[in-house]
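Visitor: I am new to this structure. Please take one part and walk me through it closely, then show me what lies around it.

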Amino acid sequence: MEQNTENIKSQMRKGVLEYCILTLLRNGDAYASSLIEKLKEAKMIVVEGTLYPLLTRQKNQGLLSYRWEESTQGPPRKYYSLTEKGKETLVEMDNAWKEVVESIEYIKNK
């Protein structure tokens, strides 16, 4: 039972990860390692192997752009930012999230 519960939780997190990435970038540009750190702080466990393909997909969809910035520690960092399309998509996702939460609350209270 425990293994199944963890799998369900993992699938639910994956389902909202793209939304979380856009939401984090709403607050300002960030590089992948800082996104991973913030997601881990929020208990949205994610590894680089999961994050990079999502960032690439969102960039290819025109939701994100990136720039290289020199780092005082190590190689240059790729900073991601929301595009106008990304900001519009995030508004739509905010609305969709509210609807999902309201629906679940409705069902739970029946």
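Guide: Start with Gly 86, which is buried because its relative accessibility is 0%, and under 20% counts as buried. Keep in mind that this is a predicted model. Gly 86 sits in helix H4, which runs over residues 84–108. Look at what touches Gly 86. Beyond its neighbours within four places in sequence, Gly 86 is in contact with Leu 22, Gly 62 and Leu 63. Now find Lys 59. Lys 59 is 27 residues from Gly 86 along the chain, and their C-alpha atoms are 9.2 Å apart.

Step back to the annotated span. An unreviewed UniProt entry marks residues 21–90 as "domain: Transcription regulator PadR N-terminal". Residues 21–90 are 51% helix and 20% strand. The end C-alpha atoms of that span lie 10 Å apart.

Next, the nonpolar core. In soluble globular proteins, nonpolar side chains tend to be buried together. Here the largest nonpolar core has 22 residues. Leu 25, Leu 39, Leu 51, Leu 55 and Leu 64 touch the most other members. At least two core residues come from each of helix H1 (2–26), helix H2 (32–41), helix H3 (48–60) and strand E3 (77–82). H1 gives the most, with seven residues. Take Leu 25 as one example.

Now the charged pairs. Side chains of opposite charge can pair when their charged atoms come close. The model has six salt bridges. One of them joins Arg 57 to Glu 18, with the closest N and O atoms 2.8 Å apart. This pair links distant parts of the chain: Arg 57 is in helix H3, Glu 18 is in helix H1, and 39 residues separate them. Arg 57 is partly exposed, at 38% relative accessible area. Glu 18 is also partly exposed, at 23%.

Move to Glu 69. Glu 69 forms a salt bridge with Arg 67, again with closest N and O atoms 2.8 Å apart. Glu 69 is partly exposed at 32% relative accessibility, and Arg 67 is partly exposed at 34%. Asp 29 joins Arg 67 and Glu 69 in a network of salt bridges.

Finish back in helix H4. Lys 108 forms a salt bridge with Glu 105, and their closest N and O atoms are 3.6 Å apart. The two are separated by about one helical turn, because they are three residues apart in helix H4. Lys 108 is exposed, at 58% relative accessibility, whereas Glu 105 is partly exposed, at 36%.

Notes:
Residues numbered from 1 in each chain as written. Predicted model: local features only at pLDDT ≥ 70, side-chain atom pairs only at ≥ 80, totals over all residues. Heavy atoms only, no water. Helix = DSSP H or I, 4+ residues; strand = E, 2+ residues; numbered from the N terminus. Buried < 20%, exposed > 50% of the residue type's maximum accessible area, 1.4 Å probe, protein only. Contact = heavy atoms within 4.5 Å. UniProt positions renumbered as here; feature names shortened; annotations may be inferred. Core = buried A, V, L, I, M, F, W, Y, C linked by side-chain atoms within 4.5 Å. Salt bridge = Lys/Arg side-chain N within 4 Å of Asp/Glu carboxyl O.
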